[in-house]
Amino acid sequence: MSLPSMPETAAGRAGLAAILADPARAVLALDFDGTLAPIVTDPQDARARPEAVHALARLAPRLAGVAVITGRPAADAVRFGGFESVAGLEGLTVLGAYGAERWDAADPVVRAPEPPAGVADVRAELPAVLAASAAPQGTWTEDKGRALAVHTRRAATPDEALDRLRAPLYALAERHGLVVEPGRMVLELRPPGADKGAALTGYVHERAATAVAYAGDDLGDVPAYDAVEALRREGVPGLLIYSAPETATESVEELRTGADLRVTGPAGLAAWLEALADEL
Ligand SMILES: O=P(O)(O)OC[C@H]1O[C@H](O[C@H]2O[C@H](CO)[C@@H](O)[C@H](O)[C@H]2O)[C@H](O)[C@@H](O)[C@@H]1O
């Protein structure tokens with residue numbers, strides 16, 4: 001076998017073996033930022049690596065399904081991924097906003113419920129909360145429509161900025177019935193009731209898949225890892241891939257230690273997916 005790296009765990013090897021043995025009954029699901037797209041300072045500049053999209057387009061026709069499961073609005077992931085009208089990706093599904101939104105290449109409209117009123121309340125109150133917390137210079141808010149993400153990557157000391165904002169942002173979210181989704185240099189205030197684990201489990205069942213692979217890089221991917229563990233207990237072999245950041249400071253312990261296979265960021269993942277496509 002000519003894959004660049006193999007799973008380090010028995011469970012991961014079983015997951016990969018099941019995918020290779022019967023790809024037509026396997027699902028591949030992937031996170032977007034940090035997994036398909038390199039991390040950049042401005043989220044509007046994020047783009048999926050073309051080699052990764054090329055590999056997905058080769059893999060998708062052989063698999064039961066390919067899904068991108070992301071905290072992004074589905075429309076942003078489609079646009080920044082360049083997923084629309086790609087030969088081979090006619091069956092692609094994008095589950096955005098942690099599964100609250102859905103876009104299918106076969107029927108390319110975004111389906112989503114209305115956001116709860118708490119989102120508008122948080123939007124109105126957030127500037128005053130940031131000012132009262134003396135948010136460091138460089139802190140800025142990404143308005144995602146159904147969620148507000150407070151980013152600190154542009155601050156001089158992003159981790160310290162996050163620490164300063166944590167308590168006031170958790171309190172703000174709680175006051176308005178939202179939850180906080182922590183991520184790489186970001187605290188996102190969003191509605192409860194969706195997560196990547198439920199999104200992945202629903203997709204695997206929808207496709208009647210008998211094997212699954214999931215790739216992610218951030219805390220929002222932990223529920224998807226948990227879902228793969230649960231599917232394994234139900235007899236569905238799974239492979240967990242960690243798209244490890246190039247900077248150790250952004251490493252996510254839960255994923256690093258829980259993964260079966262580690263690749264170095266989106267470039268490493270794209271190379272691995274191309275090799276998997278060669279194998280299939
Ligand atoms: O579930 P994901 O696809 O990983 O989306 C999660 C968050 O990703 C984005 O933020 C991250 O990527 C940015 C662009 O590379 C980076 O600047 C930021 O520091 C990262 O946290 C996105 O902007 C967020 O809204 C998503 O929640």
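How many bridges join β10 to strand β11 (residues 238-244)? Five, and the two strands run parallel. The views below come from a predicted model.

**View 1. Strand β10 and its two partners.** Strand β1 (residues 26-30) is joined to β10 by five bridges, and this pair runs parallel. Ala29 has Tyr214 of β10 as its bridge partner. β10, helix α7 (residues 222-233) and β11 form a β-α-β unit, and the unit is right-handed.

**View 2. Burial of β10.** Strand β10 spans residues 211-216, and six of its six residues are buried, so the strand is largely enclosed by the rest of the structure. Cover comes on both faces. Ala211, Ala213 and Ala215 are buried on one side. Val212, Tyr214 and Gly216 are buried on the other.

**View 3. Helix α3 and its packing.** Helix α3 (residues 74-81) is mostly covered, with six of eight residues buried. The buried set is Ala74, Asp76, Ala77, Val78, Phe80 and Gly81. Gly82 follows α3 and has a positive phi, near 65 degrees.

View 4. Domain 1 takes in residues 10-111 + 193-279, and domain 2 takes in 117-190. Their centres, taken over C-alpha atoms, are 26 Å apart. At the contact, 12 residues of domain 1 meet 12 residues of domain 2. The domain 1 side that touches domain 2 consists of six nonpolar, four polar and two charged residues.

**View 5. The shell around the ligand.** Why does the ligand lie between domain 1 and domain 2? Both domains give residues to the shell around the ligand, so the ligand lies between them. The shell counts 24 residues, of which Phe32, Asp33, Pro43, Thr70 and Gly71 come nearest. Strands β7 (148-151) and β9 (186-190) each supply at least two shell residues. By class, the shell holds nine charged, eight nonpolar and seven polar residues.

Key: Residues are numbered from 1 along each chain as its sequence is written. This is a predicted model: local features need pLDDT of at least 70, side-chain atom pairs count only at pLDDT 80 or more; totals for chains, interfaces and linings use all residues. Domain bounds come from an automatic or database domain assignment. Two residues are in contact if their C-beta atoms, placed from the backbone, lie within 7 Å. Ala, Val, Leu, Ile, Met, Phe, Trp, Tyr, Cys and Pro count as nonpolar, Asp, Glu, Lys and Arg as charged, and the others, Gly among them, as polar. A residue is near a molecule or strand if its C-beta atom, placed from the backbone, lies within 6 Å of it. Helices (H or I, at least four residues) and strands (E, at least two) are DSSP runs, numbered from the N terminus. A residue is buried if 20 or more other C-beta atoms lie within 10 Å of its own, exposed if 12 or fewer, and partly exposed in between; C-beta atoms are placed from the backbone. Two strands pair if DSSP finds at least two bridges between them. A crossover is right-handed if, with the strands pointing away from the viewer, the path from the first strand over the helix to the second runs clockwise.
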